[in-house]
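Here are a few friendly notes to read alongside the model. Please keep the structure open as you go through the points.

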Amino acid sequence: MNDIAIQRLHVIQHAHKYSVGRTSYHERRGKLLKLREYLLAHVDEACLATDQDLGKPRSETIIGEILVLINEIQYAVKHLKVWMGPHRQPTGLVALGTSSHIQYEAKGQVLIMSPWNYPINLALKPLISAIAAGCVAIIKPSELTPASSSFVGKLVADLFEEQEVAVVTGDVSVSEKLLELPFDHIFFTGSTQVGKIVMKAASAHLSSVTLELGGKSPSIVDASCDLPTTARLICWGKFFNAGQTCIAPDYIIVHESIHRAFLKEMEKAIHHMYPNSTFTSEPREFSRIVNRKHFDRLTGYIADARAKGGQVTVGGSWDEKQLSISPTLIDQAKDTMLLMQEEIFGPILPVLTYRNEEEVLAMIRAKDKPLALYIHAKNREFIDTMLKGTSSGNALVNELLMQFSSPNTPFGGVNQSGIGKANGFFGFKEFSNAKGVMKRRYGSLSFLYPPISPRLSRL
Ligand code: NAD
């Protein structure tokens, strides 16, 4: 879309935002249900698109893209009436004679920018919150997954008038054009690096932002954990979507006393979950890497780790033609390796060890605050020390990834891993202005008007 078309779209959505903001609960509910029906009726097209873009197994598209959206819609539909309020507030002594409430009003015109790794889900999940809040929206999906972006484009064109919701596709120059425009809110999902660009652009108009970013999310494996269960859980959470998940465990810190046993259990779990070659299996079991640039980055990590003393205990092989890398476990990882300095975002899992609580806390605090912190332990004191001693967007104990698909739980990062929260009511609030409304019912505060009584001045 060229500059003039983008500006035209912005102008017509701007003119329409107040009428969408005034829509009733029934109207918004109707739109959400239409979206749900459409998704359920077009599962095959969605699977085809993500297969073309990422070689995603059908099961992963259904679980990771479609079901998460259906669940989010169901939850929004169930609670929307209450969210739309009014939310009564108690009245304090200073405001005696008034009643107060919070009215969540639509922020208005919003921009949703999404990444490539869950290209349908991450474009539409914020849209669910935006519709619930009564906003008009432009969605800019990733240019790296064109089939999925055109699926999202067709869905939006089939369901909405462009003055209400529209999809704008294109490369970074299109994102830059969009970011020059005054939006009431920008909901960005992507890298920390681009998140900073978005926040800077938003500051020119004082647009509010939600930044759902990335980073290195550690999994701490304590000696008190149930080892086979933990290994299976980590194997699933890490290698789903070939590790191209913002909240996948990025690296493992395992207690030295169970280090060897952990590696063995991980090897067992990987062979159990992926018994066939991840390059050739039919039907496909394992996603490929999104493009050549990311493939080279990831294989470069393995080469760099090997050169610096890392031990590849599982995997470490790839198929260049298919852009596929097998599930890879790298023991003896060190901070000097590239894979411990950057977000991995692929099927490579480095393993480090710790001796005591102070050491593991120091390792985590030395890095940016993670999007998620995972603790695998039964020892309650250990769990408590980890929870209280660290800061992260989400923290999960003996579980992985589920924070994203649980509408009751605020999902998001903190500082370098993000600003603001998604999911359920938390997502609705990101697209709403919490307007404090006060109504005087009787009396007045005339004793505050000049001339002030001498008795009050003497206080
Ligand atoms: P990205 O930041 O490169 O791109 C995201 C979006 O920004 C895309 O729509 C892209 O077109 C646009 N963009 C890219 N460069 C830009 C620029 N210079 N100026 C303006 N816009 C630009 O991210 P990605 O590679 O698509 O996705 C991977 C990253 O996203 C990882 O860091 C991952 O952790 C993160 N992520 C976070 C979440 C979350 O919910 N927190 C979810 C998925 C992915």
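1. Two residues count as in contact when their C-beta atoms, placed from the backbone, lie within 7 Å. By that rule, and leaving out residues up to four places away in sequence, Ala137 touches Val110, Ile112, Leu127, Ala130 and Val165.

2. A word on the source: this is a predicted model, where local features need pLDDT of at least 70 and side-chain atom pairs count only at pLDDT 80 or more, while totals for chains, interfaces and linings use all residues. Residues are numbered from 1 along each chain as its sequence is written.

3. The chain is divided into domain 1 (3-213 + 414-436) and domain 2 (218-404), with bounds from an automatic or database domain assignment. Their centres, taken over C-alpha atoms, are 30 Å apart. The contact between them takes 16 residues from domain 1 and 19 residues from domain 2.

4. On the side of domain 1 that touches domain 2, helix H4 (residues 58-83) gives the largest share, three residues. Helices here are DSSP runs (H or I, at least four residues), numbered from the N terminus.

5. Ala137 returns in the largest nonpolar core: among its 121 residues, Val110, Ile112 and Ala137 touch the most other members.

Conventions:
A nonpolar core is a set of buried Ala, Val, Leu, Ile, Met, Phe, Trp, Tyr and Cys residues joined through C-beta atoms within 7 Å. A residue is buried if 20 or more other C-beta atoms lie within 10 Å of its own, exposed if 12 or fewer, and partly exposed in between; C-beta atoms are placed from the backbone. Helices (H or I, at least four residues) and strands (E, at least two) are DSSP runs, numbered from the N terminus.
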